[in-house]
Structure formats: structure tokens, C-alpha cells
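Please examine the sequence and the model shown below before reading on.

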Amino acid sequence: MKQNPLKVLNLIAQTIYDKKGFNVLALDVRNFSTLTDYFIIAEGNVDKHVCAIAHAIIDQLKEYGEKPIHTEGLQQGDWIVLDYLEVVIHLFQPGLREKYQLEELWREAAIVDVEIILTPELTTHFTQK
């Protein structure tokens, strides 16, 4: 990843928030996983909402030169996975997130305190740091 991973986590969390996604959780799994360094798990209301959040993340990260190496679920929208190697994003509809409880798989992982700005002038903040 070309960008600082924590900066990318903040940008992803902010994008989810901006698209009215909710229950954002970022986990540092570097000590527990060889697949990735960080997971972000979040929710959208319905399939179209989850897809809109995923596309917003893809578009936002593309502006910073980051492209997912793999995506899954963009057609269905109930559970979408965006794999950026160091960061893997799981976007769910609430029922599926509750059913699969990915947080429980990584309950020993440290929670990353992401920064979400609650004002409309959001993403310009990340370019100034």
C-alpha cells in the first residue's frame, strides 16, 4: 500500500460515514493473521446501500492510487469484501453481519481508533495531514 495504513483506515471509515454507513469497526490483526494487517467491518441498510458504500470506497481510494486486488459480492450487496492486501473491508447488511460475527473471529485483535470528522468538508482533511 502506497499510503500510510492508518491514514487509509481513516479515509475508509470517513467514506463509510459519509455514505451513512454505520457500526464501523477497524481491527489490527497483524499479530493474528497472515492474510492482512487490518480489517474494517461496517454495515449499510440494504443491498443498494452496501453497494453504494463499496463503490464510494473504491472511488475514494483510487484517487490515492490504491486499487483492490479482489472484490467479492458487488453484484449481490449483502456482504461485500474489498481486498487491498494490507486492509480488507467487509461491508454487510445488518442481518448477515450478526449471523457471521466476524468480530468474534478476531476478538483478540486490537481495535483501531479511527478518526471520523463529523463535518461536511471531510476528505480534504486527509490530504492536509
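## Basis and terms

A residue is called buried if its relative accessible area is under 20%, exposed if that area is over 50%, and partly exposed in between, with a 1.4 Å probe and protein chains only. The model is predicted, so local features need pLDDT of at least 70 and side-chain atom pairs count only at pLDDT 80 or more, whereas totals for chains, interfaces and linings use all residues. Residues are numbered from 1 along each chain as its sequence is written, and side-chain values use heavy atoms, with hydrogens and water left out.

Helices (H or I, at least four residues) and strands (E, at least two) are DSSP runs, numbered from the N terminus. Two strands are said to pair if DSSP finds at least two bridges between them.

Strand S5 covers residues 87-92. S5 is mostly covered, with 6 of its 6 residues buried. In general, the side chains of a regular strand alternate between the two faces of the sheet. In S5, Val87, Ile89 and Leu91 point one way, while Val88, His90 and Phe92 point the other way, and all are buried.

Two pairings of S5 can be described. S2 and S5 run parallel and are joined by 6 bridges; Ile40 has Ile89 in S5 as its bridge partner. S4 and S5 pair in the antiparallel sense over 5 bridges, and here Ile80 stands opposite Leu91 in S5.

## Positive phi angles

Most residues other than glycine have a negative phi. Leu85 is not a glycine, yet has a positive phi of about 65°. Leu85 belongs to the loop between S4 and S5, and the hairpin of these two strands has 3 residues between them. Leu85 counts as partly exposed because its relative accessibility is 46%.

Lys20, also a residue other than glycine, has a positive phi near 70°. Lys20 is found in the loop between helix H1 (5-18) and strand S1 (22-28). With 62% relative accessibility, Lys20 counts as exposed.

## Salt bridges

A salt bridge is counted where a side-chain nitrogen of Lys or Arg lies within 4 Å of a carboxyl oxygen of Asp or Glu. The search of the whole structure finds 4 salt bridges. One of them joins Arg97 to Glu43, with the closest N and O atoms 3.3 Å apart. This pair links distant parts of the chain, since Arg97 lies in helix H3 (residues 94-100) and Glu43 in strand S2 (residues 38-43), 54 residues apart. Both Arg97 and Glu43 are buried; for Arg97 the relative accessibility is 7%.

Arg97 also forms a salt bridge with Glu103, and here the closest N and O atoms are 2.5 Å apart. Glu103 counts as partly exposed because its relative accessibility is 21%. Another salt bridge connects the side chains of Arg107 and Glu104, at 2.8 Å from N to O. Arg107 is exposed, with a relative accessible area of 61%, and Glu104 is partly exposed at 41%. Through salt bridges that share partners, Glu43, Arg97 and Glu103 are joined into one network.

## Aromatic pairs

Rings of Phe, Tyr and Trp (its six-membered ring) pair if their centres lie within 6.5 Å; planes under 30 degrees apart count as stacked, over 60 as edge-to-face and the rest as tilted. By this rule there are 3 aromatic pairs. The ring centres of Phe39 and Trp106 are 5.4 Å apart and their planes stand at 35°, so this pair is tilted. The pair links distant parts of the chain, 67 residues apart: Phe39 is in strand S2 and Trp106 in the loop between helix H4 (102-105) and strand S6 (110-111). Phe39 is buried, with a relative accessible area of 7%, and Trp106 counts as buried at 19% relative accessibility.

The pair of Trp79 and Tyr100 is tilted because the planes of the rings lie at 40°, with the centres 4.9 Å apart. Trp79 lies in strand S4 (residues 79-83) and Tyr100 in helix H3, so the pair ties together parts that are 21 residues apart in sequence. Trp79 counts as partly exposed at 25% relative accessibility, and Tyr100 is partly exposed with a relative accessible area of 39%. Trp79, Phe92 and Tyr100 form one aromatic cluster.
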